Every structure is written in structure tokens, then in C-alpha cells.
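We will walk through it stop by stop.

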Amino acid sequence: MNAMMQPPPPPPPPTSSGTGSPAASSFVRTYRAWQGNNVFFLRGRLIFGPDVKSIFISLFLVIAPVAFFCAFVARKLIHDFPHHAGWSIIVVVIVHTFFVLITLVLTSGRDPGIVPRSAYPPPESDDDADETVPRAASTRPRRSKIVLVNGVPVKVKYCDTCQLYRPLRCSHCSVCDNCVERFDHHCPWLGQCIGLRNYRFFYIFVLSATLLCLYVHVFCWVYIKKIMDSEEKTIWKAMIRTPASIALIIYTFIWVWFVGGLTVFHTYLISTNQSTYENFKYRYDRQLVNPYDRGIVENFKQVFCTSIPPSKHNFRAKVPKDLPLSESHQRVVGGQSLSPMLKKTTENEVEERNVEHRRDGELRNVSQNESMSIHRESGEGQEASFFRQSLWERTSRKWEITPEVVTANSCSSGNPTQA
């Protein structure tokens, strides 16, 4: 009787570890809900750009000539040096090639410094409001602001796609569709943006690739010289005896100008504390002061002797499936934010923002009705009233324009604003 009176045990709470449980189905990995154009591998452990296939071309351009060199040149030089020193030629080129490939993967397969997107546009302060523009149209954030960096005014632009004011030295990559900290450029050969978190490895990659080209180039000439000395032939007849060396000499000569030129150019950029984007856009010279230049030694120490900041994204973390990723960055399982630079959005903040948007909509409707009534009282015709109404409707629908159109309009206008 007592056993019949006992209530049934409560069902076990849903857990996120089960593959078919409701809790597991309501969450998704961050990389699966990513809003950019990136491509992920190893379940979010590696992140690449949309042109990731170009990496295989770069790998082929490195591995194929090295294999060709080992098979037709280095193998012939093994017994031409005393004390088996010829084996070191193959060992060095293989180790050097592996180092180049490691720096290539470290450059192209990591987060370059992507800035988390914002779920809502930043609120506009009273000082930023423009009294000459109707209130319904002034709810859009300003295109740019001016901040002081070491006493030099620097313009900080607003990104319509990410809905935030970009940090200093940050730019939006049109290929990956992300804002990247200390954006340098998007490298099509590596299929990745070059930014704050991978610029160091990019420079080491182009430098080591330059040294590899020079290494192969020099030892091809050494092999030709060995043929000249052993068979007492002219340089032209010795070159005919080894067409593989001629092909490698031409190949490395062409590529050493490319990767070597990049090495020299980025050495100059590091010494002056510039990025490729800043160098082509601002062209710091005597008229325009570089606010980030600290001197050659300090500039190199900033790139190579400082710790790489952690990524602002945890691509393998679980986020709610029904929320946009920009908001999911701020509301994460366990209450920890994936984006340290953004505040955690609570339910009350979301509700407050929704109320503000509804209030702005009501104000726009009231302003529209007032403008229509003024036209009626002034005796203007029905066509003028309809034109005025359409104007207000277009103004009220500014946030319905796609971010690409807004960005295009802002770039075409190019009107800077004061702080």
C-alpha cells in the first residue's frame, strides 16, 4: 500500500552530452553558425578563408621543386664532398622545407584577429546627435569618429556589417567578411587574412621561403661547377649536361624576386610600424605623421618579442541555435563570454533594446503623420503629400538596406566627421 502511494521518480534532467537529447539539439558549435565566409577544418580547430584551395597550389610550388632538387641535383652531390658532408645538403633542404610548410600552416590556419560582431548598433550619445537631421534619420550611428593616438588624430570608422566602431588599425576584409585587428592584407596564396595574430608567422614564412629559393639556386650552380671541374668542360656544355639544374635555376630566380621582394617590403613596414593597408592608404610621410612608429628597435620588438593575444572566439564552444551568432558570442553556455571585448547581453538588455526600437518606430510614425497634416493645412496638393510620405517611408526603412549597399554609399560619400 505504501509502495503504491509513493510518487514516481522525476525524469532525469536533459543533458547536452547526449546526441539526441533536447538540450543537445538546441545548441550548435560556433563554427557551424559562423556569419563570415571562412572555411573550418578539424571541427573548428583550423580556420581558413573562402579561397582555401589556393593553399594546395602554394604547397605544390614549395614541395615539387624541392623534391626535384633532391632527386636530380642533391643526390649527385652526396659523394662529391669529403667526410660524407654531401648528405648535409639533403638534410638541410628537407628540414628547411618542413619549416616553411609549418609557418605556412601557422599563417593560414589560425584566427588572424577577427573582431566579434555586435548584435546591435552602438547607442548614439546626445553629443553625437545632429540637430539638422530629423530624429527619425539620426538614429543611425555616425560614419566615423576621431580619436587621439600619441597626440595625432586618427579616424575610427563604423562598420555596417559588424555594427561596431572598428578598433584602431582594424579594417573589414571583403573576402572573408570579417573585421580583422591590425589588418595587413588578404593573401590569396595562403587563403587567409594577415592580421594581428598571424603577421609574425607570415613574415617568417616569406623570409624562410626566400632563403629556400637561394639555397636551391646556389647548389644548382655548385653542381654545374662540379661538372665543369670533373669533365673540363665549358659552362655552357656543363649546363647542357644537367637540364634539371637549369630548370631549377630559372624557377628559383623568378620566385626569389617575388618572395624576396615581399621580405624586403615587409621588413620596411615592420621597421616603420606600418601595415600594407596603411602604407597604401595613408602613405605616411613628412606631411602625415605615423602615430604608431616607436623607432626601429621597438617596432621589431613589438612584432616578434610580444606575446600573441588570444583569439576572441572559441569556435568549438556551443551557442544557442536560435540566436544570431553576434548575440551568441555574448551569451554562452555556462555564462562565460566568448568575446572579452563585448559585454554579456542579458534578457533585460535585449528587452530594453526591443522597446527602444518600437519607440523609435512610433516616433517615426508620429513625425510622418505630422508632416502629412502640415501639408494638408498649407493647401498643398495630394501629390506633394504623397511625395513627402514616401520620403519619410524611405528614411524610416534605412535599417532595411543591406550592409553591402550601406558600405557602398558610405565609401562613395567619404565625408569625415569631427569628434
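Is glutamate 181 buried or exposed? Select glutamate 181: its relative accessible area is 14%, so it is buried. Buried means under 20% relative accessible area, exposed over 50%, and partly exposed in between, with a 1.4 Å probe and protein chains only.

Before moving on, know what you are looking at. This is a predicted model: local features need pLDDT of at least 70, side-chain atom pairs count only at pLDDT 80 or more, and totals for chains, interfaces and linings use all residues. Residues are numbered from 1 along each chain as its sequence is written, and side-chain values use heavy atoms, with hydrogens and water left out.

**Stop 1: lysine 312.** Lysine 312 forms a salt bridge with glutamate 181, with the closest N and O atoms 2.8 Å apart. A salt bridge is a side-chain nitrogen of Lys or Arg within 4 Å of a carboxyl oxygen of Asp or Glu. Side chains of opposite charge can pair when their charged atoms come close. Lysine 312 is buried, at 12% relative accessibility.

**Stop 2: glutamate 278 and arginine 169.** Select both. They form a salt bridge, with the closest N and O atoms 2.9 Å apart. Glutamate 278 lies in helix H8 (residues 276-281) and arginine 169 in the loop between strands S6 (164-165) and S7, so the pair ties together parts 109 residues apart in sequence. Helices (H or I, at least four residues) and strands (E, at least two) are DSSP runs, numbered from the N terminus. Glutamate 278 has 4% relative accessibility and counts as buried. Arginine 169, at 15%, is buried.

**Stop 3: aspartate 177 and arginine 117.** Here is another salt bridge, 3.2 Å from N to O. The pair ties together parts that are 60 residues apart in sequence. Both residues are buried. The count for the model is six salt bridges.

**Stop 4: H4 and H5.** Select helix H4 (87-108) and helix H5 (residues 199-231). How do their axes run? They come within 9 Å and cross at roughly 155°. Axes are lines fitted to C-alpha atoms, for helices over the stretch in contact, and angles run from 0 to 180 degrees between N-to-C directions. That makes H4 roughly antiparallel to H5 (angles over 145 degrees).

Now show side chains. Among the residues that meet are Phe99 and Val100 in H4, and Phe205 and Leu212 in H5. Contact means heavy atoms within 4.5 Å.

How values were computed: Parallel < 35°, antiparallel > 145°, perpendicular 65-115°, else oblique.
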